[in-house]
Each structure stands twice: as C-alpha cells, then as structure tokens.
Amino acid sequence: MRTEVVIIGAGPAGLLLSHLLGEEGIESVVVETRSREYVEARVRAGILEGSTVDLLESVGLGERLRREGDEHRGIYLQWPGERHHLDFVDLVGRSVWVYGQTEVQKDLGRAREAAGQEIHYEVSETAVHDVESDRPAVTFLDRDGREVRVEARAVVGCDGSFGPSRGAVPATVKQTWGRDYPYAWLGVLADVAPSTDELIYAWHPNGFALHSMRSEHVSRLYLQVEPDADVGTWSDDRIWDELATRLGHGQDGWQLTPGPITEKNVLPMRSFVMEPMRHGSLFLAGDAAHIVPPTGAKGLNLAVADVALLAPALTALLRKNDERGVDAYSETALRRVWRCTHFSWWMTTMLHTSPDPFDAQLQQSQLRWVTSSSAAARGLAENYAGLPIGF
Ligand code: RFL
Ligand code: PHB
C-alpha cells in the first residue's frame, strides 16, 4: 500500500495529527496495537490548556468540549493550615479546561470515522523501515494476522513511551535525558461529586495529594505513594482517610466527601526527553519523544503542541516540497518540551515530600513565595495555563 503519511499510534497525538493532515487534504494511515474501545477507555489526563482548547475548536473538535467541559480560572495550592487560590485569568489572562483525555479520544475517534480515516487497530509487530530515504515504510500484522506494508513520504511515531519509533533513531544520532522520581501516584476515580470547584494541589508531611475531577459526578484523586506500592494494600477506607488528612478535611470547615471508588492504579513518575525529534523521514511526537511527571498537567498538551507544529510542516513538504518546516520541527518543538519538562519537574519537586527535612523547608518556602508574590504566581500561572503553541 502507499499513502502520504503513516502514523504509528492512535492516542491523542496520532489521531489529532491524522485529523489536522486530513483538514489539509493529506492522506494518512494510522496503525495501533490496541482496540478502539481500549484507547477510548484509558483514564489519563484531565486538564487542557486554553491553547489546546482553541486548537481543537479551530478544527471542529470543540463543540462537546465547550458544552461538557468545565473552564477553571486557576488552582488551589495548600499545605497544613493554609489554602491559597491562584487565579490564572487575573494573573496571566488565560484559563484551563477540565475535559478528560477519554473524551478527547472519543471526539477524535468519531471525527476520524466520519472522515473515513483508515485506522488499523489491534495490529502487532509494527516495524519502521528505510527512514533515511524519502520512501520510508511501516510493516505490521493486521488483526487477522496478515502482513501489511505501507509506504509513504513520512512516518510519524506517535506510539507513546513503549512504541518502536524511538528505537528507529540510531543510537549514534540520538541523545536522551531522564529522571525517575523516588515516588509514584496512586490514582483513583470515584463516583462522587467533587468536593472542590477547582483542583487542589496539596503539600503534606505524609506526601502530596491532588483533588481533580472529571464531571459534576465524578472525582479524580491522587496520593503520593512509594514507587513499588501495591494497590492491594490500599483499601477504599485507607485511601479516603489519607486523602482527608492530606487535603485538610475539617480545615476552615472544608469537607472531603467520600464515595464509591471505581478504579485504582499506581503510576510511576518519570521525566524523559529524546533529541532529535526527527531522523530523516521519521518524526516523533508526544510521549514517544518525551515524558513528564503529571504534576504540571502537561503531557497531553505537549502532544497536541507537537502535532500542531508538525502538521503544517508536513503539509508544506508534501504540497510544495518546502522542507523548512520539517527541518525546523525538532528544534522548535524541543524549546517548548524543555520548558514543560522544567515546569513539571519544578511542580513535582515542590510538592512531593522526601525523607530529607531540608527539602521540606525549601518546599514550604517556595510554596509561600508562589502564593504571596504576584511575580512568582505569574510564573506558575504562565506555565500551567500554557505558553503559546509556537513558544
Ligand atoms: P499515548 O496516549 O500513549 O498513545 C500512544 C499510542 O501508541 C500505541 N502504540 C502502538 N501502536 C502501533 N504499534 C506499536 N508498536 C505501538 N506501541 C504503542 C499505544 O497503544 C497508544 O495508543 O501517547 P500520545 O498520543 O503521545 O499522548 C500522550 C498522553 O497520553 C500523555 O502525555 C498524557 O496522558 C499525560 N498525562 C497528562 N497530560 C496532561 O496534559 N494533563 C494531565 O492532566 C495529565 N494527567 C497524564 C495524566 C498521564 C497519566 N498516565 C497514566 C501516564 C495523568 C496520568 C495518570
Ligand atoms: C487529572 O485530572 O487526571 C490530573 C489533573 C492535574 C494533574 C494531573 C492529573 O496535574
């Protein structure tokens, strides 16, 4: 088979890229190891930057988001005895939206289906070939076990942190940076109305806690736990007790309302960046090229920003043989990637407790600073609410 662009991975990066290319009349084929049901049910990110929402809206993907999503002006930052609201709209004139990645994924899935997008779900043995030529190819076994080869002008690896694309960039060319944090998150989804109007990020001597949400009826909560924590040792009662302690139940009359927990999982915390994000005719986007710990709510937004840069660059290459955009892609994308990598590391190290009491003093000093100095608060707000796509 031959197409213009082969996209590996039907997560948010891959499907949005196929959508943006489709808007320009560029044909692509998407291959994905999982089923459509699986990718649409995967509970992950929950916060969209204003610029992500604007982009989705500009390509016809904003209707349900505006109707069912919830616009937030800011976040709460707290530690025992104190809770402070940072109002991003007042500070930097931008807001964020609560709209689950599951919903973004469903909207993309429907839009691509309506456009007749070719997507091969449940493939195996995906492999990338000839990326140093201008006729690269991807081979895979389709869901019936048949061998398929698709040739194209470009291959885009949107295959997340475990896909094969990263490995297709030779070791002599690539450089990687990373950090594994000495803690993990226990994430829970609960059928209960959120006990807060906007997200609460809480520093506590027992560890970090985050109160997020998915809708008027569904709460999403996280607890800092040991990296090797066993979900089996976290009963629902233990989770709610620990959330109540860390989130300050009873502080100034605030109450955390518990409810039935429908999902529990432990998530590792990692930073990772790979350079370059392009090798020959292979381009990387989203988690395939970089991972951030979730404390800054950046992963999904970075994936969107990558493909927002890549789609016009590929369009210029394919339609006008203009290579300037693809040549600049890696360097341009990485500027934002490193900004978000730093911000996510900064939020993470400010809020997660460590065994070293010196760290705790520095963290509390930093928390007091970002909640009392408008210059510091603006820095946090500018990064959290999102820098312009082309930053
Ligand atoms: P994805 O979503 O991982 O999609 C990659 C897809 O590639 C497929 N794949 C393959 N397909 C074909 N052949 C192969 N060999 C393949 N190998 C893999 C996979 O099955 C998958 O479908 O990457 P993408 O598209 O780059 O999107 C990135 C985001 O999913 C990720 O950054 C965010 O979820 C991160 N994240 C958050 N980001 C935010 O912006 N805001 C948040 O609030 C936020 N919270 C979170 C998060 C991630 C979390 N977890 C679980 C990692 C909260 C959590 C708990
Ligand atoms: C979420 O709602 O899943 C979420 C929100 C904010 C974060 C991380 C995760 O920083």
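This is a predicted model: local features need pLDDT of at least 70, side-chain atom pairs count only at pLDDT 80 or more; totals for chains, interfaces and linings use all residues.
View 1. An oxygen atom of ligand 2 lies 2.6 Å from an N or O atom in the side chain of S212; a polar contact is a pair of N or O atoms within 3.5 Å. Residues are numbered from 1 along each chain, ligands are numbered from 1 in the order written, and side-chain values use heavy atoms, without hydrogens or water.

**View 2. The shell around ligand 2.** Ligand 2 is surrounded by 14 residues, the closest being Y201, S212, R214, Y222 and P294 (a heavy atom within 4 Å). By class, eight are nonpolar, three polar and three charged; Tyr and Pro count as nonpolar, Arg as charged and Gly as polar.

**View 3. Packing of helix 8 and helix 9.** The axes of helix 8 (residues 299-320) and helix 9 (residues 324-351) come within 9 Å and cross at roughly 170°; axes are lines fitted to C-alpha atoms over the stretch in contact, with angles from 0 to 180 degrees between N-to-C directions, and helices are DSSP runs (H or I) of at least four residues. The two helices are therefore roughly antiparallel (angles over 145 degrees). Residues in the contact (heavy atoms within 4.5 Å) include L302 and D306 of helix 8 and Y329 and R336 of helix 9. They divide into 12 nonpolar, two polar and two charged.

Terms used: A polar contact is a pair of N or O atoms within 3.5 Å; within protein, one must be able to donate a hydrogen and the other to accept it, and residues adjacent in sequence count only if both atoms are side-chain atoms. Angles under 35 degrees count as roughly parallel, over 145 as roughly antiparallel, 65 to 115 as roughly perpendicular and the rest as oblique.
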